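Here is a short briefing on selected local features of one structure. Please keep the sequence and the model open while reading.

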Amino acid sequence: VFDVSAAALAAQLFTGLVLGMIFVLLAIGLSLIFGLMTVVNFAHGSFYMLGAYFGFVLLGLTGSFWVALAFAPLAVGVFGLFVERVLIRPLYGRNPDDPLLLTFGLSLVLVEAARVIWGKIGLTLDPPAALAGAVDLGFTWFPTYRLFVIAVTVVVVVALWVFLKRSNVGLVIRAGSRDPLMVTALGIDLRRIWLLVFGIGSALAGLAGILAGPMRGAYAEMGVTMIIESFVVVVVGGMGSLLGAVVAGLLIGEVVSLTTFFAPKLSDIAVFGVMAVVLLLRPSGLFGEAGLME
Amino acid sequence: MQRRTFLRTTAVGAATLAFPAIVRAQGGDTIKIGFPGPTTGPFGALAKDQQQGAIVAVEELNARGGVLGRKLEVLFRDDELKPAVGAQRTKELIENEKCEFIVGGLAAHVQMAINEQTKAAKKLFISVSQSDEISAKPDLGPLTFHEALNPTITSRAVGTWVSQNLGKKWWILYADYAWGKQNTAVLTDVLKKQGGTLLGSTPYPLGNPEFSAHLPRIIDARPEVLVTMTPGADNIAFLKQAISYGMKKQMKIAQPLHWLPQLKQGGPDLYSDIFAGISFSWQLEDQIPEAKNYVQLYRKKYNEPPGDYGAYAYSAIHEVARGITLAKAVNSDAVASALLANPTYNHYKGKQWWRTCDHKAFQDLWIVKGRERSKMKGDWDFVEIVQKVPASESLDRTCAEKGVA
């Protein structure tokens, strides 16, 4: 089992990093939305799917991957704004299960809609010529596009972190997730913040989708398994924690990658094993605050 | 997408949802054939080809006046690639829709579920996708027939050719379910007999779109040939990722089968120089008159050439019709007896026959290689035929080995 070269193992770790990046983007959105609004957004996987399909449509219209990469997440973000304003907002203040059921239903509708509009057969997206091919990392050849995915994710996560820590709006978002009542009492309209956060979360899912498209293709059911694994990431990282989503996303990516390497039959269940262990040792996740669920 | 195209697509989509795909013949007293298949999910494209092949057969037969003076009708149902759903849909087709015959199924595990229902209801079932079990104990029933190739035949033919022509140091990557595992077992056996070395074999969960975690280890092992069982949509994702890791240049890649919908979707950038077996390719129209007839009918209706899985369905519908004509009765028992008493047929690719002990169809298959874009003649010329493997009962297990002698 351990008869493997150091180069292969290094390539494996790098591969896991890319898997982790997609989880990070999905988990940040889920975690932000939950942390602020205590909405468990089951439609997040469908937003991921929409990101890939919107990317495909934009690529077809403009012929430019860069335009698709910039505007597909925006389009998903706008769709997220619409969903929050029209579907989720009427449910605030009611049983927390209500938005969960609504977004679950919405995810079924979106998957079916994608089948109707784009067909039941998957579509392929090609990375731009500049990102095709592979780069020599010294220990292995690695697909250029996958390095690009790492770079984009790092930039987006850092930008988001700066936004949350340094901007006034970020301050309000953080305050709103700590104590919404107090923030409202200070005269801030939290509903606008919720709308914004839901839009940002949706756009991040859309970004994950368009980034994953050239690697995995676009198909209606692509979000179904990703949403489950992303929830695992959020739970492991701690509900509502940005740092937790990043660390846990990378951790789960590496766990998937290394189990595939050493014990491929276990790669499906290994992530759930990690979740079980983390929950036993730290019930609110690696970086979660106790009491958020109550 | 233009607004008009969008409207048209959504309208067609809505119509498809509202009216299940049914080919209705005129007149009341039709002969009904039930056809379950996974139109949604990773095998959707293959299932669509199957449905279209069945439709072509039914329209061809009805244009000739039907069978025993009655028109044929095929009722399609989505089994969602789930055994339980496949069983339920089959039961409904038999009990509610009064289908006397069932043709269809894609993926071995769903076929088994359909077969359980047809066995219980004592209806004829012609399976049109790969499985080793369907023509062996305990699954084979008195009315179970198997039109498609199976993993044993395919992998014995393809594995032998690959080991003799591409190299004897292999790595195998396979989808972790019946079809993948059966092919892996047969290929491993073939490679051993040919004196080759299996450097490793790795399973992955069927329907998984991410293969990258499998690749560094395979690259590190330096096999001469990577043989993969990555069916349906997985095939595209796998090839895309393997090529992005530069693997096409480092080793030969072979798989038991090429499927036309995937060839079309992936195109020559993915499929050039990938070797595989194939039960039918439309280019055979140049060599075989029956192939020409089928390809032309299909092209006329769908504006594209047929794939291999559609051809299975086309042939199976014709076999139901031939059985009814021979038996002069619309009855599963009579049709099954008539087919076994007259086992030789030829609907689309040359002579085939039912082996009477296991109701398995024997047929030619071909080794093909993906063409480069510059060598393609037209949009659909994805493969070149490298070699024909003639039909032979020795490629399959014997009936004694299957427990049905």
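At 49% relative accessibility, Leu171(A) counts as partly exposed, since the scale calls a residue buried under 20% relative accessible area, exposed over 50% and partly exposed in between (1.4 Å probe, protein chains only). Leu171(A) sits in helix H6 (residues 168–178) of chain A; helices (H or I, at least four residues) and strands (E, at least two) are DSSP runs, numbered from the N terminus. Its C-alpha atom is separated by 19 Å from that of Gly288(A), 117 residues apart along the chain.

This is a predicted model, in which local features need pLDDT of at least 70 and side-chain atom pairs count only at pLDDT 80 or more, while totals for chains, interfaces and linings use all residues. Residues are numbered from 1 along each chain as its sequence is written, chains are lettered from A and ligands numbered from 1 in the order in which they are written, and side-chain values use heavy atoms, with hydrogens and water left out.

- Two packed helices are described by the angle between their axes and the distance between the axes.
- Axes are lines fitted to C-alpha atoms, for helices over the stretch in contact, and angles run from 0 to 180 degrees between N-to-C directions.
- Helix H9 (residues 222–237) and helix H11 (residues 267–281) of chain A have axes that come within 10 Å and cross at roughly 25 degrees.
- H9(A) and H11(A) are therefore roughly parallel to each other; angles under 35 degrees count as roughly parallel, over 145 as roughly antiparallel, 65 to 115 as roughly perpendicular and the rest as oblique.
- H9(A) passes H11(A) in a left-handed crossing (left-handed if the near helix is turned anticlockwise from the far one by less than a right angle, right-handed if clockwise).
- On the H9(A) side the contact (heavy atoms within 4.5 Å) is made by Ile228(A), Val232(A), Val235(A) and Val236(A), and on the H11(A) side by Val271(A), Phe272(A), Met275(A), Val278(A) and Leu279(A).
- By class, this contact of H9(A) with H11(A) has nine nonpolar, no polar and no charged residues; Ala, Val, Leu, Ile, Met, Phe, Trp, Tyr, Cys and Pro count as nonpolar, Asp, Glu, Lys and Arg as charged, and the others, Gly among them, as polar.
- Helix H1 (residues 6–37) and helix H10 (residues 242–262) of chain A pack at an angle of about 140 degrees, with their axes 6 Å apart.
- That angle makes H1(A) oblique to H10(A).
- H1(A) passes H10(A) in a right-handed crossing, and the residues of their contact divide into 19 nonpolar, eight polar and one charged.

**Salt bridges**

- Glu210(B) and Arg146(A) meet through their side chains in a salt bridge (3.1 Å, N to O).
- This pair crosses between chains, from the loop between strand E8 (197–204) and helix H7 (215–221) of chain B, which holds Glu210(B), to helix H5 (residues 144–166) of chain A, which holds Arg146(A).
- Glu210(B) also forms a salt bridge with Arg216(A), the closest N and O atoms being 2.5 Å apart.
- That pair crosses between chains too, with Arg216(A) in helix H8 (residues 190–216) of chain A.
- Glu210(B) counts as buried at 9% relative accessibility, and Arg216(A) is buried with a relative accessible area of 9%.
- In chain B, the side chains of Asp358(B) and Arg355(B) meet in a salt bridge (2.8 Å, N to O).
- Asp358(B) counts as buried at 0% relative accessibility, and Arg355(B) is buried at 8%.
- Salt bridges that share partners join Arg355(B), Asp358(B), Glu393(B), Asp396(B) and Lys402(B) into one network.

**Backbone and loops in chain B**

- Most residues other than glycine have a negative phi, and most peptide bonds are trans.
- The peptide bond from Lys137(B) to Pro138(B) is cis, with omega near -5 degrees.
- Glu80(B) is not a glycine but has a positive phi of about 55 degrees, and at 32% relative accessibility Glu80(B) counts as partly exposed.
- Arg222(B), also not a glycine, has a positive phi of about 50 degrees and counts as exposed at 64% relative accessibility.
- Ser272(B) lies in the loop between helix H10 (260–271) and strand E11 (274–278) of chain B and is buried, with a relative accessible area of 10%.

Notes. A salt bridge is a side-chain nitrogen of Lys or Arg within 4 Å of a carboxyl oxygen of Asp or Glu.
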